[in-house]
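Here is a short briefing on one protein structure, with notes on its helices and charged side chains. Please look over the sequence and the model before reading on.

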Amino acid sequence: MVAAPVLEELREVCQPQAKLASRNGEHWAGRLYMRRVSLRFTRQLVRTRVTPDQLTWTMVVCGVLSGAALLIPGLAGALLAALLMQLFLLFDCVDGEVARWKGQNSATGIYVDRLGAYLADAALMTGFGFRAAESGLGGWAGFNGWVSLGLVTALGVVLLKASTDLVDVARARRGLAVADDEATAPRSQGVASVRRLAAAFKIHRVTNGIEASLVLVVVAFADAASGSVGPTRWALAAIAVITWLMVPAHLLSILSSSRLR
């Protein structure tokens with residue numbers, strides 16, 4: 001078997017500073033801890049015949065299963081969902097690292113990676129709704145308003161991601177290069193001020209599956225203490241409000257920046 005590459009050499013190729021430093025290109029959890037973990041997995045995987053696309057599909061499966069795990073009532077379902085979202089993040093790091101080392105970057109891999117991000121977050125929010133409705137395994141309570149709220153939240157999360165990705169689509173069709181981080185700054189001082197205020201509190205992060213899964217663990221403990229799913233319902237309602245406040249705000253931020261110019 002081929003010898004494992006030296007970690008420093010692997011890091012130089014697989015974790016370029018330009019990507020890690022990008023505000024929009026790297027999740028905070030990746031920078032904080034997952035990139036340290038992923039490089040150990042990548043070091044072994046580059047010695048195998050595993051392809052980056054196979055790892056990306058594994059990522060997608062973990063993300064979708066995180067939502068399905070919320071059908072399991074109690075702490076077990078919330079903890080499993082959070083674990084699967086961490087695996088989603090791990091494979092999201094590893095697939096790109098293996099692709100860079102093996103020189104196997106592909107349009108298919110990029111497409112499936114983005115699709116996986118949509119599916120994972122939508123699945124988690126949908127599962128959040130079923131959990132709030134107490135419509136889990138062995139306790140089906142029907143398709144009620146809480147399930148609907150979970151689906152509506154999932155739709156909002158998908159719209160947030162789509163509005164960002166469509167910037168690249170619009171620029172590509174105009175023959176423009178990918179927008180850099182500076183282009184995201186709003187030209188309007190008013191919009192810029194609101195954006196800075198929102199960024200300071202970082203409430204928007206709960207619309208992401210990684211953060212939402214951690215919220216679910218916290219409220220699962222609160223559910224256990226209260227003997228009801230009241231905390232889960234309040235959390236879902238809060239995330240739904242934040243999501244749908246962000247949808248028009250994010251659209252305004254894009255239109256008032258230089259990203260489409």
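Does arginine 114 count as buried, partly exposed or exposed, and at what relative accessibility? At 30% relative accessibility, arginine 114 counts as partly exposed; buried means under 20% relative accessible area, exposed over 50%, and partly exposed in between, with a 1.4 Å probe and protein chains only. This is a predicted model, in which local features need pLDDT of at least 70 and side-chain atom pairs count only at pLDDT 80 or more, while totals for chains, interfaces and linings use all residues. Residues are numbered from 1 along each chain as its sequence is written, and side-chain values use heavy atoms, with hydrogens and water left out.

**Confidence**

- The mean pLDDT of the protein is 86, and 84% of its residues reach 70 or more; pLDDT is the predictor's confidence in each residue, from 0 to 100.
- Helices are DSSP runs (H or I, at least four residues), numbered from the N terminus.
- Where pLDDT is low, the predicted coordinates should not be read in detail.

**Salt bridges**

- The count comes to five salt bridges, each being a side-chain nitrogen of Lys or Arg within 4 Å of a carboxyl oxygen of Asp or Glu.
- One of them joins arginine 114 and aspartate 165, with the closest N and O atoms 3.1 Å apart. This pair links distant parts of the chain, since arginine 114 is in helix H6 and aspartate 165 in helix H7 (residues 145-173), 51 residues apart.
- Another pairs glutamate 97 with arginine 35 at 2.8 Å, N to O. Glutamate 97 lies in helix H5 and arginine 35 in helix H3, so the pair ties together parts 62 residues apart in sequence. Glutamate 97 is buried at 0% relative accessibility, and arginine 35 is buried at 7%.
- Glutamate 8 and arginine 11 also meet in a salt bridge, at 2.6 Å from N to O. The two are three residues apart in helix H1 (residues 7-14), and therefore about one helical turn separates them. Glutamate 8 is exposed at 54% relative accessibility, while arginine 11 is partly exposed at 27%.

- Of the 26 residues of H6, 19 are buried, so the helix is largely enclosed by the rest of the structure.
- Arginine 131 lies in H6. This residue is buried yet has no salt bridge, and the nearest side chain of opposite charge, aspartate 223, is 4.7 Å away.
- A polar atom of the arginine 131 side chain lies 2.5 Å from the backbone oxygen of glycine 74.
- Beyond neighbours within four places in sequence, arginine 131 is in contact (heavy atoms within 4.5 Å) with residues including Leu70, Pro73, Leu216, Ala220 and Thr232.

**Helix H9**

- H9 (residues 209-226) has 18 residues and reaches 25 Å from first to last C-alpha, close to the expected 26 Å.
- Its buried residues include Ile210, Leu216, Val219, Ala220 and Asp223. The buried residues of H9 pack against helices H3 (28-45), H5 (74-102), H6 (107-132) and H10 (230-255).
- At the start of H9, a side-chain oxygen of asparagine 208 reaches to within 2.9 Å of the backbone nitrogen of isoleucine 210.
- Glycine 227, which follows H9, has a positive phi, near 75°.

Note on methods
Expected span 1.5 Å × (residues − 1). Polar contact = N/O pair within 3.5 Å; in protein donor to acceptor, adjacent residues only side chain to side chain. Lys, Arg positive; Asp, Glu negative; His and termini not counted.
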